[in-house]
Amino acid sequence: MAQILKDSSRQLILENARQEFLEYGFQGASMRRIAARSQMTVGNLYRYFKSKQDINRVIVEKTLDEVNNMVMELSGRQIDFTSGRYEISLDAEQLLEILSALSQRLVDIYWRHKVEFRILMMHSDLNNELTEWMTNIISHYIQTQLHHGAKNRLIEALARCEAIALFSGFNDLFAADLKKDELSEAANVYMQLFLGLMANELQLLEVGK
C-alpha cells in the first residue's frame, strides 16, 4: 500500500529548503542536508520532490510570476521570459522607461518576498532566464541607438556582460539588509549609474565604428 504524502511534510521540506538555499546557494545546496533538516530520509524526500531544481522552482514560483508579470506590463507584453518571447519593437525612449522603472518595481517585489527573491537571484537556471531577457532589452536598445551597423555578436556580448553586472549589483543591494526607503534610493542610484554606463558605451561604439 502506497504511503500517503502529507502536505505538512511537504511544507516542512520547503521551509528547510529555503534556509538551505540561503546558506549554501543553489549550487551548494544538498538534498541530503534538506532531508536531515526535515528529519526524514533522503529517499522519503525524493517522494515529495524529484530534484533540487524542482524544490527551487516551487519556492520561487510565485515571485517569478510577479517578476514576469512586471516585465510583461512594462514591455507592453512583448517580453515574456518564461516562454522565451522577445519580439521587441519598442523605441529607445520606451526601453529607457522600462529600465528606469525596473529598479523600483524589483524593490517592491523583493519587499513582499524577501527570502524567495534572494533565492531567485542566486545562480541557477532561473537566474539565467532573468539575465537572458535583460540581455535582449539592452541589446535591442543599443541597436536602436547606433548610427552604424555594429556587429550583432559584439552587441550581444556587451549586453550580456551588462545584464550579468546589473543583476549581480541588485543581488548585493538586496543582501545589504537596508530599510525600504534606503533600498529604494540605492536601487535608483544604481540604475542611473547603469544607464550612464550604457550611454558611455554607445559613445565608444560610435567612435570605434
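Guide: Before the fold pattern, one definition: helices here are DSSP runs of H or I with at least four residues, strands are E runs of at least two, and both are numbered from the N terminus. The model is predicted.

Visitor: Okay. What pattern does the protein chain follow along the sequence?

Guide: It reads α-α-α-α-β-β-α-α-α-α-α.

Visitor: How many helices and strands does that come to?

Guide: Nine helices and two strands.

Visitor: How much of the chain is buried?

Guide: Buried residues account for 46% of the 209 residues.

Visitor: And what share of the contacts join residues at least 24 apart?

Guide: 69%, counting contacts between residues at least 6 apart in sequence.

Visitor: Let's go inside. How many residues are in the largest nonpolar core?

Guide: That core has 57 residues. Ile55, Met134 and Phe170 have the most contacts inside it. Helix α5, residues 92-112, supplies the largest share of the core, with nine residues.

Visitor: Now the helices. At what angle do α5 and α8 pack?

Guide: About 40°, with the axes 12 Å apart. Helix α8 covers residues 152-174.

Visitor: Left-handed or right-handed crossing?

Guide: Right-handed, as α5 passes α8.

Visitor: Which residues make that contact?

Guide: From α5, Leu102, Ser103, Leu106, Val107 and Tyr110. From α8, Leu166, Phe170 and Phe174. By class, seven are nonpolar, one is polar and none is charged.

Visitor: Switching to α1 and α4. How far apart are their axes?

Guide: 10 Å, with an angle of about 105° between the two helices. Angles of 65 to 115 degrees count as roughly perpendicular, so α1 is roughly perpendicular to α4. Helix α1 is residues 7-28 and helix α4 is residues 52-74.

Visitor: Who's touching whom there?

Guide: On the α1 side, Arg10, Ile13, Leu14, Ala17, Arg18, Phe21, Phe26 and Gln27. On the α4 side, Lys52, Gln53, Ile55, Asn56, Val58 and Ile59.

Visitor: How does the contact of α1 with α4 divide by class?

Guide: Eight residues are nonpolar, three polar and three charged. Ile55 of α4 takes part in this contact, and Ile55 is also among the residues with the most contacts inside the core.

How values were computed:
Residues are numbered from 1 along each chain as its sequence is written. This is a predicted model: local features need pLDDT of at least 70, side-chain atom pairs count only at pLDDT 80 or more; totals for chains, interfaces and linings use all residues. Side-chain values use heavy atoms; hydrogens and water are left out. A nonpolar core is a set of buried Ala, Val, Leu, Ile, Met, Phe, Trp, Tyr and Cys residues joined through side-chain atoms within 4.5 Å. Buried means under 20% relative accessible area, exposed over 50%, partly exposed in between (1.4 Å probe, protein chains only). Axes are lines fitted to C-alpha atoms, for helices over the stretch in contact, and angles run from 0 to 180 degrees between N-to-C directions. A crossing is left-handed if the near helix is turned anticlockwise from the far one by less than a right angle, and right-handed if clockwise. Contact means heavy atoms within 4.5 Å. Ala, Val, Leu, Ile, Met, Phe, Trp, Tyr, Cys and Pro count as nonpolar, Asp, Glu, Lys and Arg as charged, and the others, Gly among them, as polar. Angles under 35 degrees count as roughly parallel, over 145 as roughly antiparallel, 65 to 115 as roughly perpendicular and the rest as oblique.
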